[in-house]
Amino acid sequence: MSTAQAARPASGIREITYAEAIAEALRTEMRLDPRLFVMGEDVGAFGGLFGGTKGLLDEFGPERVRDTPISEAALVGAGVGAAITGMHPMVEIQFMDFTACAMDQIVNQAAKIRFMLGGKAQVPLVIRTPYGTGLKLASQHSQSLEAWFAHVPGLLVAMPSTPADAKGLLVTALRDPNPVIVLEHKLLYPTRGPVPEEQFTVPFGQADVKRTGADVTIVATGLMVSKSLAAADRLAADGIQAEVVDPRTLVPLDKATIIASVKKTGRLVIVHEAVKRGGFGGEVASVIAEEAFDYLDAPIKRVAGRNVPIAFNEVLEKKAVPDLEDIVAAVRSLVRE
Amino acid sequence: MAAGKRAAASAKQTGLPIASGGSGVTTPDGADRIVLLTMMIRIRTFEMKLAELVRNLVIKGTMHPYVGQEAVATGVCAALRPVDYIASTHRGHGHALAKGADMKRMMAELLGKHTGYCKGKGGSMHIADLDLGMLGCNGIVGGGMGITAGAALSAKLRGTDQVCAGFFGDGGANAGITHESMNLAAAWRLPAIFVCENNQYALSMPHANAVAMTDIAARAAGYGMAGEVVDGNDVLSVWAATRRAVERARAGGGPTLLECKTYRWLQHSLRVKGPDRPAEEEASWRARCPIDRLRKQLSADRQLDEARFAAIEAAATHEVEESVAFALASPEPPLEEMELDIYAGRFIE
């Protein structure tokens, strides 16, 4: 059982979608924080391409919910300018692939300004963006680029995997004085789950053990968390107990929880949709190799996207990213009794 | 956040940031000419000293000298109030001084010292003082443009009458962010002033080879904003054009693009030799020295004699020497500084 969920009061929990949870987090925070405003392509009357800003325009009006021209660099740049002069901007980048258009603003401006100015500036900027495959949108609308951002000191990176985490992590992001990139998998937006009605936060740097098990640790992010849980169910039928750990934030990374789990199970499988080469899984594997090597009973396995661009064709798209069978097979290859 | 609050609280404040008392030698529309002259001389003296310090390796690394362009920073910033914002460029020392930055802390930063504006972590290309509305020099060409739009948006959302002037060069004019930011500011009628300092060259690339038209200001029409070509070596013209832009911005008339035609006298950066430019070209621009020009006007108007001019120069030299002494005597940043200020509130391994 999730530690965060266990800490929450049982009252006021209802099932809503991931997209609704995001909109709820924004709505409630905008009521509390008059400096918070939202800008992005189609975030106004349209409600965001995936519904993350639905209803905000009606309540807060066009000054605080700003439809923008297709200018990702200027959106993030203006977000930085607004943030260092006292506002709390939330910028939605319609597809994660488009963060490439704003990379200078994210990496050289948002991430660096506080440091370069010797701590005089704060950059309370949140960038929400959908990532991942599954909608047959081909190579420029399907990528998982979290490793780019995790690599840059000055940025925080969150990857909520459930509606509750989508709300709780976003509230934390909106209250954090640092630039935060929140990655939302496209296929998660319509998924439903229990979410507390009242405002709550999920702290950064606190992994969630979504399932406990003694035989193998599966560290999974984003959409791969639910796939890993399904894989764990399948494995349980064969008597293999998998522990599924969702880091929830890559920066900061809850190394302690991952290390503790590996010390218990002696085996580690890392699952992410991003391509394997240079992916964040390499970082997790390195942490274990450096800090818990003696506890390993088997080599570390990475189950990740193939090192290919995402094709339009449905079969090629599906085969480029891990599925349940891949996770099951990876675990079985490590647990041979 | 705190800076924003302070700025909002004092948004009604008026007056030249550089005028402590003023000299009384004003134009009919109110520009204090002695104050403007003094600022230009301070910038020139500071920059010429840097050339020496870089040559002698007292300053490591490089910096981008502003010599020849003093009228632009001085004229623009004199038309702003302390609460107004500027965003600057890699060639930003003049902007910082004109917005009121402390020369000692600037010099200390240029020497990488802990007493500098950025604790020695920013250097020449990142000097900033948010309390003065100086949102930072920037190492990325065009880097201040998005910030300019954002600071102007921030002022609008907070309901203050602050404006933001964003400096960029003829090189930055061709960066994508400049286009996006100008369009955004125009579409939203933000209180922004885009100040292009066309100093005729990027690093070695002449402006004429980089674009097919003559005036960057002509682009303003394409954005639906006001645009104006300004003699960037005439501080009074710069001041007056900025005043018009500020008034337009405050009245809700949206942004303005000012193209200040000027020339950098020295090389692109103090560690890069050349490129060689035509000698007649350099001579013709040096003949249009912004400091000489104002000095001659003041002399002709019997507002400035040799003695007073010498006194202004001597004071600037003294201030610069004091700043060097302060910087040399200042401590290096401790090693722990490396891990500070990356994230507010904590270090993340």
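In β11 of chain A, the residue that bridges to A:V209 is A:V245. Strands β9(A) and β11(A) (residues 242–246) pair in the antiparallel sense over 3 bridges; pairing here takes at least two bridges found by DSSP, and strands (E, at least two residues) and helices (H or I, at least four) are DSSP runs numbered from the N terminus. Before going further, keep in mind that you're looking at a predicted model, where local features need pLDDT of at least 70, side-chain atom pairs count only at pLDDT 80 or more, and totals for chains, interfaces and linings use all residues. Residues are numbered from 1 along each chain as its sequence is written, while chains are lettered from A and ligands numbered from 1 in the order in which they are written.

Now step back to the sheet around that pair. It's an open sheet of 5 strands in chain A, ordered β9-β11-β10-β13-β14, and the pairing is mixed. Since β9 (208–211) and β14 (301–305) of chain A stand at the edges with a single partner strand each, one side of each is left without a neighbour in the sheet. On average, neighbouring strands are turned by 25 degrees against each other, direction ignored. Two helices pack on this sheet. Helix α9(A) (residues 223–237) touches β9, β10 (216–220), β11 and β13 (268–275) of chain A, and its direction makes about 170 degrees with that of β11(A). Contact means that the C-beta atoms of two residues, placed from the backbone, lie within 7 Å. Angles run from 0 to 180 degrees between N-to-C directions, with axes fitted to C-alpha atoms, for helices over the stretch in contact. Helix α11(A) (residues 280–291) touches β10, β13 and β14 of chain A, at about 160 degrees to β13(A).

How is chain A divided up? The domain assignment, which is automatic or from a database, gives domain 1 (9–196) and domain 2 (208–334). Taken over C-alpha atoms, the centres of these two domains of chain A are 26 Å apart. Where they meet, 25 residues of domain 1 are in contact with 25 residues of domain 2. On the domain 1 side, α7 (146–150), β6 (156–158), α8 (163–175) and β7 (180–185) of chain A give two or more residues each.

Chain A also meets chain B: 37 residues of chain A are in contact with 42 residues of chain B. Helices α4 (72–83), α5 (103–110) and α6 (113–116) of chain A each supply at least two residues to the chain A side, and α4(A) gives the most, with 9 residues.

Over in chain B there's an open sheet as well: 5 strands in the order β1-β2-β3-β5-β4, with parallel pairing. Its edge strands are β1 (85–87) and β4 (226–231) of chain B, each pairing on one side only. Inside it, 6 bridges join β2(B) (residues 164–169) to β3(B) (residues 192–198), and B:F167 stands opposite B:V195 in β3(B). Helix α3(B) (residues 70–78) lies across β1, β2, β3 and β5 (256–261) of chain B, at about 165 degrees to β3(B). Helix α6(B) (residues 143–158) lies across β1, β2 and β3 of chain B, at about 170 degrees to β2(B).

Last stop: the axes of α2(B) (residues 33–55) and α13(B) (residues 306–329) come within 9 Å and cross at roughly 45 degrees. The contact involves residues including B:I41 and B:F46 of α2(B) and B:A316 and B:V320 of α13(B).
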